[in-house]
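Please have the sequence and the model open as you read.

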Amino acid sequence: MFYIDPLYLILAAPGLILGLWAQWRVKSTFRRYGEIGTSRGLSGAEIAASILQVKGIHDVRIEPVEGFLSDHYDPGHKTLRLSPDVYHGRSISAAGVAAHEVGHAIQHAERYAFLGMRSALVPAMSFASPLAVPIIIGGFLLSSFVGTGVGQLVTLAGLGLFAVVVLFQLVTLPVEFDASRRALAAIQGGGLLHGREVDGAKDVLSAAAWTYVAAAVSAVLTLLYFLIRSGLLGGSRRD
């Protein structure tokens, strides 16, 4: 039989529930407004190009990418990649998501500090993410079967790696919120959406923001669990 730590369930449950709710909300909100066209009838790619032109950004490419809501801005290649539903779509959802990703391009052009910080953390995050938890668990096992000294060193190394993951998730929050703020300002200021269309775009961007909040909450609570079980917080070591 598998043992499930009740403390882990207590700490993981909020992040898990919030994450599932956020995923459901972003998909349902995108689909709902994805069925409502905009008065100007512009595609997501056209909206992105329009905002970039107004902002005087002429070195960013816009290209389609496969996948559902796989939209992202690649600062390394200065490329805006939009999923098929957004690139070709002429809906409120497509407009909101496209504008949000352009928000990142604007951040890049204006040297937004948190975007630079997140970009700098990407290599460390890519290294730390798959290794942190296995190393922490390995440290717990070594403490039980070999000795606390070696086990604690391995656990500390794993916790350090996981702290990088948490930091990345926390830095992501202001980056995403700011991109959405810039997106709404651009689509309103440029007359790309009107009236209730703007409200719909706000709903889409708000739903998307919750996925980042959920990821951050989950990462912080998981780190809290490992700190408690390692004995570094609360003075209670894992049995």
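A: In this predicted model, the residues of H5 that are buried are Leu 115, Arg 118, Leu 121, Met 125, Ala 128, Ala 132, Ile 136, Gly 139, Phe 140 and Ser 143.

Q: What covers the buried residues of H5?

A: The cover includes H4, together with helix H6 (148-189) and helix H7 (196-229).

Q: How many residues does H5 have, and what does it reach from its first C-alpha to its last?

A: Helix H5 (residues 113-145) has 33 residues and reaches 46 Å between those two atoms, which is close to the 48 Å expected at 1.5 Å a residue.

Q: Where in H5 does a kink lie?

A: The kink, of about 40°, lies at Leu 131, shortly before the proline Pro 134.

Q: Is H4 mostly covered or mostly uncovered?

A: A residue counts as buried when its relative accessible area is under 20%, and for H4 that holds for 16 of its 18 residues, so the helix is mostly covered. At 1.5 Å a residue H4 should span 26 Å, and its end C-alpha atoms are 26 Å apart, which agrees. After H4 comes Arg 111, whose phi is positive, near 55°.

Q: How are H1 and H4 oriented to each other, and which residues make the contact?

A: The axes of helix H1 (residues 6-34) and helix H4 (residues 92-109) come within 6 Å and cross at roughly 120°, and the two helices are therefore oblique to each other. Thr 29, Phe 30, Tyr 33 and Gly 34 of H1 make the contact with Ile 92, Ser 93, Ala 94 and Val 97 of H4. By class, this contact has five nonpolar, three polar and no charged residues.

Definitions and conventions: Residues are numbered from 1 along each chain as its sequence is written. This is a predicted model: local features need pLDDT of at least 70, side-chain atom pairs count only at pLDDT 80 or more; totals for chains, interfaces and linings use all residues. Side-chain values use heavy atoms; hydrogens and water are left out. Axes are lines fitted to C-alpha atoms, for helices over the stretch in contact, and angles run from 0 to 180 degrees between N-to-C directions. Helices (H or I, at least four residues) and strands (E, at least two) are DSSP runs, numbered from the N terminus. Angles under 35 degrees count as roughly parallel, over 145 as roughly antiparallel, 65 to 115 as roughly perpendicular and the rest as oblique. Contact means heavy atoms within 4.5 Å. Ala, Val, Leu, Ile, Met, Phe, Trp, Tyr, Cys and Pro count as nonpolar, Asp, Glu, Lys and Arg as charged, and the others, Gly among them, as polar. The expected span of a helix is 1.5 Å times one less than its number of residues. Buried means under 20% relative accessible area, exposed over 50%, partly exposed in between (1.4 Å probe, protein chains only). The bend at a residue is the angle between axes fitted to the seven residues ending there and the seven starting there.
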